[in-house]
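Colleague: I am new to this one and would like to learn how to read it. Could you walk me through it?

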Amino acid sequence: MDYQALSNRYGTPLFAYDFDRFSAQYALLKDAFSGSKSLIAYAVKANSNLSTISHLAAQGAGADCVSFGEVKRALIAGVPKYKIIFSGIGKRDDEIAGALNEDILFINIESEAELARVEAIALELGKVARISIRVNPAIDPKTHPYISTGLRENKFGVDIPTAQRLYLHAKNSAAVDPIGIHFHIGSQLTDLAPILEAAHKVAELARTLIALGIELKFFDVGGGIGVVYKDETPIDPNEYAKGILSAIKGLDLTVICEPGRFLVSEAGFFLTRVLYEKRSGDKRFVVVDGAMNDLIRPALYHAYHRVEVVGKPSADANETLCDVVGPVCESGDFFAKNLPLPPIVRGDLLAIHTAGAYGFSMSSNYNTRRRAAEIAVENGVDRLIRERETYDDLFASETKLLKASK
Ligand code: LLP
């Protein structure tokens, strides 16, 4: 990817994605399940651009959505409704009704109270709600606490005895049809063991349910496959698939996987230009035009993202330590701390790596900054997939409400 040419053409800050690598990641995972029934439901939250979703849908991906907004995105992007699932612990009535009216594959239930709402709304609409239930297998996924979800103290899913009770209730209800079982223990997982432990626990429950006459069709193993930001050893997709398939051996179930990061993170780059260098005592700061509002992961999780100075050798003898920071008025607005970088001049371009997932999709307008443009490169051809916001975009929903000044 020619970062310099792309930045010159589209300006900075800029998110640039290599769509061919998105498809390659998709193929890796899909092929790992070959010979078995599987659906790769892309976790839209990782990178919700319509063109990203549409590109993955064209490869065969479905969509894992966590709001009705994401369901709408998936539909607009061309994901077939029978490949769309809707999860999340706080679905509003209008979102549940929307999902039922769109007739998506299933709604993933996260609590007893939610099951009651889905049942009531389905009855009102004269529909049968296809559901799965998210089971919390109480397993430590050994990842960052903010992105670990399968522990008992997390807010996600229901415990195994509750799940069993809810399935029996659903079986006897005319308004819901329990067709799936789901778990997701966390994100950026680099250890396969906890995933497989969860898969075996949940598969055991599936066997019990099937014996009780519940006709499950889908075994949804969530997302969470980790990637390399720095020096992690990632999970091998073939080992992952093999382990999951062995957990459900003998059961006639379609595996659903909900990868987000695995598909899109490593082929995404955040491109930002240097505005100033600043020294304060012996502390060196490199101030760039991108900020935490564009890519919040370093500020929020102290996440590591490799910073490359485009066109300059990385092991330069003249490197000194610096913090790479953005213009936002927060001390937490940094991309890297104590990073050795060569001498930098205004206008130098930095490529921040592994920014395709949870980059733009977590961006905001904080400090009244316009959100960045996004571009895709496919077969060597680049194209704009989201225009840089304009100031008019930012103010439109407020200017019309301004009181006329005297
Ligand atoms: N399925 C469920 C139910 C999820 O909660 C998530 C992510 C996924 C699938 C996709 O997980 P992935 O394959 O991308 O790991 N903002 C954080 C990550 C939050 C993940 C939330 N749930 C970050 O930047 O690291």
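Modeller: Gladly. Helices (H or I, at least four residues) and strands (E, at least two) are DSSP runs, numbered from the N terminus. Before we go on: this is a predicted model, where local features need pLDDT of at least 70, side-chain atom pairs count only at pLDDT 80 or more, and totals for chains, interfaces and linings use all residues. Residues are numbered from 1 along each chain as its sequence is written, and side-chain values use heavy atoms, with hydrogens and water left out.

Colleague: Is R386 buried, exposed or partly exposed, and what do those words stand for?

Modeller: Buried means under 20% relative accessible area, exposed over 50%, and partly exposed in between (1.4 Å probe, protein chains only). R386 has a relative accessible area of 24%, so R386 is partly exposed.

Colleague: Which residues is R386 in contact with, leaving aside its neighbours within four places in sequence?

Modeller: Contact means heavy atoms within 4.5 Å. On that basis R386 is in contact with N49, F360, R371, A373 and E374. Sequence and space can also tell separate stories: R386 and F15 are 371 residues apart in sequence and 9.5 Å apart in space, C-alpha to C-alpha. For P141 and R279, the figures are 138 residues in sequence and 41 Å in space, again C-alpha to C-alpha.

Colleague: How should I read a buried position, such as T52?

Modeller: Look at the accessibility, then at the contacts. T52 is in helix α3 (residues 50-59), and T52 counts as buried because its relative accessibility is 0%. Leaving aside neighbours within four places in sequence, T52 is in contact with Y17, F19, F22, Y42, N47, V264 and I385. A loop residue can be buried as well: P141 is in the loop between β6 (129-134) and α7 (160-171), and P141 has a relative accessible area of 1%, so P141 is buried.

Colleague: What comes after α5?

Modeller: That brings us to backbone angles. Most residues other than glycine have a negative phi, and most peptide bonds are trans. α5 is followed by D103, whose phi is positive, near 60°. D103 is in the loop between α5 (93-102) and β5 (106-109), and D103 is partly exposed, with a relative accessible area of 36%. N367 also has a positive phi, of about 65°, although N367 is not a glycine. The loop between β15 (349-352) and β16 (373-378) holds N367, which is partly exposed with a relative accessible area of 32%.

Colleague: Where is there a cis peptide bond?

Modeller: From T12 to P13, with omega near -5°. P13 lies in the loop between α1 (3-10) and β1 (14-18).

Colleague: Which residues come nearest to the ligand?

Modeller: A residue is near a molecule or strand if one of its heavy atoms lies within 4 Å of it. Of the 18 residues around the ligand, S187, E258, R297, Y301 and Y358 come nearest. A nitrogen atom of the ligand is 2.5 Å from an N or O atom in the side chain of E258. A backbone N or O atom of R261 lies 2.8 Å from an oxygen atom of the ligand. The protein covers 91% of the 590 Å² of accessible area that the ligand has on its own (Shrake-Rupley method with a 1.4 Å probe; for residues, only the protein chains shown count as cover).

Colleague: How many helices and strands are in the chain?

Modeller: The chain has 12 helices and 17 strands. Of its 406 residues, 55% are buried. Residues 24 or more positions apart account for 71% of the contacts with a separation of 6 or more.

Technical notes. A polar contact is a pair of N or O atoms within 3.5 Å; within protein, one must be able to donate a hydrogen and the other to accept it, and residues adjacent in sequence count only if both atoms are side-chain atoms.
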